[in-house]
Amino acid sequence: MAGIHWIAVSSQGMKKWNCREGQRRYGRQGGGHRQRWSRDNRQRSTQDEQRYGENEAGPSHRGPQRRHDNQSASPSSSSSFSSSSSSSSSSKTSNGAPELPGFYFDPEKNRYFRLLPGHNNCNPLTREQLLEKEREKQRNKMLAEDENPIKKAPRRGLNTSLLLQKRHLGLLPRNSYCRLIHEVKVSGMRRHKLDIQSTDNGNPDMDNFRLIVGDSACERVFTVNDVSHGGCKYGIMNFSSSSEGSLSVEMCDNLYFTNRKVNSICWASVNYPDSHVLLCLVGMADTPGCVSLLPASLFSNSNPDQPGMLCSFKISSAWSCAWCLNPQFDKTFSTGLSRRVIVKDAETGRTQTYSVGSDVLAQQFALRVPVLFNGCRSGEIFSIDLRQRGRRDQSWKATRFHQESAITSVRVLQDENYLLAADMLGQIKLWDVRVTKPVQEYKGHYNEHAYLPIHVNEPEGLLLAVGQDCYTRLWSLKDGHLLRTIPSPHPTASDLIPSIVFSSNLGGCRGLPGLLMAVKHDLYYFPYNTDYQEGELSTGCYQKTETVSSLI
């Protein structure tokens, strides 16, 4: 049986001490020597504590006692390790210091500290806390960089004056010019906190935002807020811009609350565009789940007595929902359940059920044809053509392909031959539905298990997603280039993941362009122009006719 090896750090390098050799060398000295060694070691430890004081991070790692007492292990001394050191000690930390198993190197104090696994009241320093501390340090650094008025260009050599010069010389097509201008504008956005005016007697700052979803014109944003006693409440935020260019927000809160969790939200066009809101509510112990169709006028102060059609469908365990805007099925919505897909007519109540092999977590209808795209927990993505009925054995699946993990969001582009899908491995891919192959991948998104959506703004050629690390990332829809990473204004937490809405006209056709971010109980606005509060809005190129065909 091999002997146990101990490694000691000294100014002369790494020395290997064999347990059996030590026993043979000191075995004849008897127990008295061991008692004297323990007594001397305790006295030496007491002197060290009096000299250095107690550290809440635990005892630091020092070399043998022949080193001077006030010297601690540092990268310079540790870098002289001999070639006989173990592989773990030869690996380097991010600070250039050798990594010692069970120890953490603090570059500020230039010394090693003992690292204990899990939580310990005497020594609270754990690897998880160190990672959290490092992440918080990185977030604060990025927040400070965001406050800088001069920001790094999203691409090398990309600036407004150069683009304008190329445009005047005829070297840059209009579509490319507009797309690149948007990239420059996105890179220069700065954070501004918005004050929310509430119409009820409550304090809007007391309720944390859970979800925000903008309508098709981005004139209104539907919100889901957590309440202190449990459950959530609904509301709609209305935006208006002043002559000075500032953005004001008014929230109309619903008087009704629910103790159920909201899984999915989408706007529905029942009487007119975006007249209702479709919600999937998860059932609780005594309250069954349902799918509710709420009229948007229910949250209006001008006409509170005529809410319109209010429906609630008893559909339990609904993960996702989608509303069809195709004229042939303009009153139809779908819900994704556990191993089922239900397509229902909101007026007649006619229901069509499709059995699938996995939970359906994401859904969206195409616009030109009545085709429903679904993303499953198994990673499968398939489509259902509503014009084909009565088929069995899942032959009704018009298209099917797979990603490596559970699908959290699907988005059909204007060119409906292309579809974006995100999964729980952090992968975002652009698929060509005709050949069922990915044609583009957007790297940098972080997700392990959260149910997170993605956002597409095709006129600007942008893709946005909020990761589980609470960072908002923006990519170029054309080539997948990561344009910007925006940190959360609040510390990272699993229950404080920001929810965003992006539009070039927040508040309607005359609205302001930029990004809206809701996190905790705060609402932030990232405008294209950096001086929107001081004067007139800067004009840009907002080309609305650019399609994915020109982006691929």
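The exercises below concern a predicted model, and each is followed by a worked solution.

**Exercise 1. Find how far helix H7 reaches, and decide whether it is largely enclosed.**

Solution. Start with the length: H7 covers residues 174–187, which is 14 residues. The expected span is 1.5 Å times one less than the number of residues. For H7 this gives 20 Å, and the helix reaches 20 Å from its first C-alpha to its last. Next, look at burial, which requires under 20% relative accessible area. Among the buried residues of H7 are Tyr177, Leu180, Ile181, Val184 and Val186, but also Arg179, Glu183 and Lys185. Because 12 of the 14 residues are buried, H7 is largely enclosed by the rest of the structure.

**Exercise 2. Describe helix H5 by its span, its buried residues and what covers them.**

Solution. H5 runs over residues 127–146 and has 20 residues. It reaches 29 Å from first to last C-alpha, close to the expected 28 Å. The buried residues in H5 are Leu130, Arg139, Met142, Leu143 and Asp146. To see how such positions can face one way, recall that an α-helix has 3.6 residues a turn, so residues three or four places apart point the same way. Finally, the cover over the buried residues of H5 includes strand S4 (103–106) and strand S31 (482–486).

**Exercise 3. Is arginine 167 buried, partly exposed or exposed, and which residues does it contact?**

Solution. First locate the residue: arginine 167 belongs to helix H6 (residues 160–168). Its relative accessibility is 29%, so it counts as partly exposed. Beyond its neighbours within four places in sequence, arginine 167 is in contact with Leu172, Pro173, Arg174 and Tyr177. Tyrosine 177 is itself one of the buried residues of H7.

**Exercise 4. Work out how strands S8 and S9 are arranged.**

Solution. Strand S8 (residues 209–214) is joined to S9 by five bridges, and the two run antiparallel. Within this pairing, glycine 214 stands opposite valine 221. The hairpin has five residues between the strands, and cysteine 218 takes a positive phi near 55 degrees. As for burial, six of the seven residues of S9 (residues 220–226) are buried, so this strand is largely enclosed.

**Exercise 5. Classify the ring pair of phenylalanine 313 and phenylalanine 333.**

Solution. The structure holds 10 aromatic pairs. In this one the ring centres are 5.1 Å apart and the planes make 45 degrees, so the pair is tilted. The pair links distant parts of the chain, with phenylalanine 313 in strand S15 (residues 311–313) and phenylalanine 333 in strand S17 (residues 332–337), 20 residues apart. Both phenylalanines are buried. Elsewhere, ring pairs join Phe222, Tyr234, Trp267 and Phe299 into a cluster.

**Exercise 6. Describe the largest nonpolar core and the surroundings of phenylalanine 526.**

Solution. The largest nonpolar core has 20 residues, and those with the most contacts inside it are Met189, Leu462, Leu464, Ile486, Leu515 and Phe526. Elements giving two or more residues to this core include strand S29 (462–466), strand S33 (512–519) and strand S34 (522–527). Residues touched by phenylalanine 526, leaving out those up to four places away in sequence, include Met189, Ile486, Leu515 and Met517. Apart from this core lies another of 18 residues, among them Leu194, Ile212, Met251 and Ala518.

Key: Residues are numbered from 1 along each chain as its sequence is written. This is a predicted model: local features need pLDDT of at least 70, side-chain atom pairs count only at pLDDT 80 or more; totals for chains, interfaces and linings use all residues. Side-chain values use heavy atoms; hydrogens and water are left out. Helices (H or I, at least four residues) and strands (E, at least two) are DSSP runs, numbered from the N terminus. Buried means under 20% relative accessible area, exposed over 50%, partly exposed in between (1.4 Å probe, protein chains only). Contact means heavy atoms within 4.5 Å. Two strands pair if DSSP finds at least two bridges between them. Rings of Phe, Tyr and Trp (its six-membered ring) pair if their centres lie within 6.5 Å; planes under 30 degrees apart count as stacked, over 60 as edge-to-face and the rest as tilted. A nonpolar core is a set of buried Ala, Val, Leu, Ile, Met, Phe, Trp, Tyr and Cys residues joined through side-chain atoms within 4.5 Å.
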